[in-house]
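Subject: Structure for your review

Dear colleague,

Please find the structure below, together with the sequence.

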Amino acid sequence: MKFSISAAFVFAAISANLVSARPLFQKQARQASTTPVGAAYFITNGASGNMIMTANVLPDGRLSCGQAVKAGGLGLAGASTPANGPDSLFSQGAVKVNQAGNMLATLNPGSNTISLFSIDPTNPSNITMVGMPVGSGGEFPNSLAINANGTQVCALNSGSTNGVQCFNVDMQLGLTSQPNTLRLIGLNQTTPPSGPANTPGHVIYSADGSQLIATVKGVPPMPGFLATWDVLPGGALSAAYTKSVPAPGGALPFSATVIPGTTAILATDAFVGASVFDFSQGGNAATSTIIPIPNQKATCWSAFSQATGNFYVTDVDSSMMTELNINNQTLAGTVVAQYPMAPGSGLVDLDILTINGMDYAYINQANVTSVQVMALTAPGKAQYIETFDVSECAAVEGVPLTAGSMGMTSFVIPTTA
Ligand SMILES: *[C@@H]1O[C@H](CO)[C@@H](O)[C@H](O)[C@H]1NC(C)=O
Ligand SMILES: *[C@@H]1O[C@H](CO)[C@@H](O)[C@H](O)[C@H]1NC(C)=O
Ligand SMILES: *[C@@H]1O[C@H](CO)[C@@H](O)[C@H](O)[C@H]1NC(C)=O
Ligand SMILES: *[C@@H]1O[C@H](CO)[C@@H](O)[C@H](O)[C@H]1NC(C)=O
Ligand SMILES: *[C@@H]1O[C@H](CO)[C@@H](O)[C@H](O)[C@H]1NC(C)=O
């Protein structure tokens with residue numbers, strides 16, 4: 001229905017253009033609306049060469065083709081049942097932007113490397129590799145985090161050698177591995193891993209940067225856990241991690257998103273929907289409460305909208321986005337709304353970008369090589385803006401793009417740029 005409405009709208013717009021008595025006005029209007037205000041990025045995770053696909057973000061939130069840029073290594077898919085599902089890395093955060101640092105980092109799961117790029121802030125689909133890709137400190141890197149001031153990148157490895165490794169950032173020379181940051185998790189895994197059960201899923205910094213938190217999925221009914229290290233002054237990590245397990249009912253902590261104004265995080269849980277992990281009692285051990293999501297099959301990715309104050313989580317198997325509210329005083333969670341996407345689209349990573357005070361969600365529909373754009377106009381009132389088929393952009397660039405692209409991150413052109 002939405003698609004036929006938008007097709008009718010486009011047809012009407014084209015018809016209006018054909019009979020327009022004001023072609024100059026039409027042309028100016030179109031030029032204005034196609035000037036990018038930002039960019040969105042994901043990786044193809046292609047086995048013959050991993051590429052970063054960039055798309056221009058237009059003032060109304062829509063996308064246009066950007067560039068395809070070599071990520072500096074090879075992609076690799078995890079082994080899953082069913083085989084070659086859209087979630088090829090069992091992870092969130094395969095590519096990340098640091099807005100203030102004009103910086104992007106990504107990983108090459110088939111080469112066990114991570115790479116650093118600078119973002120041209122006036123034309124952010126133009127990214128340039130800085131230095132050379134560096135060893136990830138393990139096998140099958142599938143997630144990474146950049147600290148707030150852009151001085152440190154930490155990678156999460158998920159293969160037979162699994163754990164974290166952090167890197168110092170130099171925007172002239174690139175990444176160098178930091179001493180006292182290689183920390184193993186010690187899961188019994190292979191390279192590539194079999195998953196999604198028993199794999200690490202996402203690495204993030206806590207809101208104040210003092211903790212590094214990695215999710216680890218369990219093997220239901222055996223629960224997974226969060227692994228939390230202290231980030232010490234100078235960037236070293238504490239020697240051992242602290243385990244926090246989900247409350248009964250949870251099993252597969254997948255993504256982690258800070259709950260602003262708290263020391264808690266929202267974690268998706270592919271087994272039950274979501275959970276909150278609360279670190280407020282101090283130290284690295286969190287208590288957990290479960291937030292069941294109706295009709296969920298595999299809720300794995302999460303993002304927060306400053307504009308609506310709500311979280312948006314995506315489900316790869318039900319092709320559903322769910323909006324959650326977490327009360328920042330009580331940490332109680334409620335389901336606000338659910339937004340179905342086209343069946344089989346295979347939603348994976350998402351990111352939220354603020355354009356002129358309005359938040360837009362960019363959702364990687366990895367099974368159909370598309371990005372779904374939603375306008376988060378008000379709590380409970382997200383609007384379907386566009387389903388952008390990236391395969392056309394990839395074809396122009398000669399890039400093979402199949403199901404299994406991963407990650408989603410974005411950059412907004414600073415208004416002073
Ligand atoms: C892309 O960025 C590089 C590095 O900042 C710059 O030298 C180049 O001119 C930019 N190219 C375009 C087309 O903007
Ligand atoms: C690791 O997993 C493999 C395959 O499931 C199993 O055969 C092996 O015994 C496990 N090793 C350990 C140390 O648990
Ligand atoms: C960046 O943040 C880290 C961790 O909070 C801190 O140790 C470091 O001193 C900061 N560096 C700069 C240049 O601000
Ligand atoms: C906490 O939630 C309230 C109500 O939604 C909101 O107004 C406030 O900005 C939130 N505080 C923070 C620090 O995010
Ligand atoms: C992905 O697409 C294939 C082929 O169209 C379909 O059989 C499969 O169910 C889809 N997977 C998901 C997770 O949507």
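Predicted model: local features only at pLDDT ≥ 70, side-chain atom pairs only at ≥ 80, totals over all residues.

Strand 27 is joined to strand 28, which covers residues 358-365, by seven bridges in the antiparallel sense. Within this pairing, Leu353 has Tyr360 of strand 28 as its bridge partner.

Another open sheet consists of four strands in the order 15-16-17-18, with antiparallel pairing. Its edges are strand 15 (200-205) and strand 18 (242-244); each of them has a single partner strand, so one side of each is left without a neighbour in the sheet. On average, neighbouring strands here are turned by 25 degrees against each other, with direction ignored.

Strand 16 (residues 211-216) and strand 17 (residues 225-230) run antiparallel and are joined by six bridges. One of the facing pairs is formed by Val216 and Phe225, the latter in strand 17. The loop between strand 16 and strand 17 holds Pro221, and the peptide bond from Pro220 to Pro221 is cis, with omega near 5 degrees.

Phe225 also takes part in an aromatic pair. The count of such pairs comes to four. Among them is the pair of Phe225 and Tyr241, which is stacked, with 5.9 Å from centre to centre and 10 degrees between the planes. This pair links distant parts of the chain: Phe225 belongs to strand 17, whereas Tyr241 lies in the loop between strand 17 and strand 18, 16 residues apart.

**Backbone features to check**

Most residues other than glycine have a negative phi, and most peptide bonds are trans. Against that background, two further places deserve a mention. The peptide bond from Gly195 to Pro196 is cis, with omega near 5 degrees; Pro196 is located in the loop between strand 14 (194-195) and strand 15. Phe140, although not a glycine, has a positive phi of about 55 degrees. Phe140 sits in the loop between strand 8 (127-135) and strand 9 (141-146).

**Ligands**

- Asn126: an N or O atom of the side chain is 2.3 Å from an oxygen atom of ligand 1.
- Asn123: a polar side-chain atom lies 3.3 Å from an oxygen atom of ligand 1.
- Asp120: an N or O atom of the side chain is 3.5 Å from an oxygen atom of ligand 1.

Ligand 1 exposes 360 Å² when taken alone, and the protein buries 35% of that.

Around ligand 3 are Asn147, Asn149 and Thr151. The side chain of Asn149 has an N or O atom at 2.4 Å from an oxygen atom of ligand 3. Taken alone, ligand 3 exposes 360 Å², of which the protein buries 35%.

Ligand 4 is surrounded by Pro260, Gly261 and Asn328. An oxygen atom of ligand 4 lies 2.3 Å from a polar side-chain atom of Asn328. Of the 360 Å² that ligand 4 exposes when taken alone, the protein buries 29%.

With kind regards

Notes: Residues numbered from 1 in each chain as written. Chains lettered and ligands numbered in written order. Heavy atoms only, no water. Near = heavy atom within 4 Å. Polar contact = N/O pair within 3.5 Å; in protein donor to acceptor, adjacent residues only side chain to side chain. Areas by Shrake-Rupley, 256 points an atom, 1.4 Å probe, with all protein chains shown as cover. Pairing = 2+ DSSP bridges. Helix = DSSP H or I, 4+ residues; strand = E, 2+ residues; numbered from the N terminus. Axes fitted to C-alpha atoms, helices over the stretch in contact; angles between N-to-C directions. Phe/Tyr/Trp six-rings, centres within 6.5 Å; stacked < 30°, edge-to-face > 60°.
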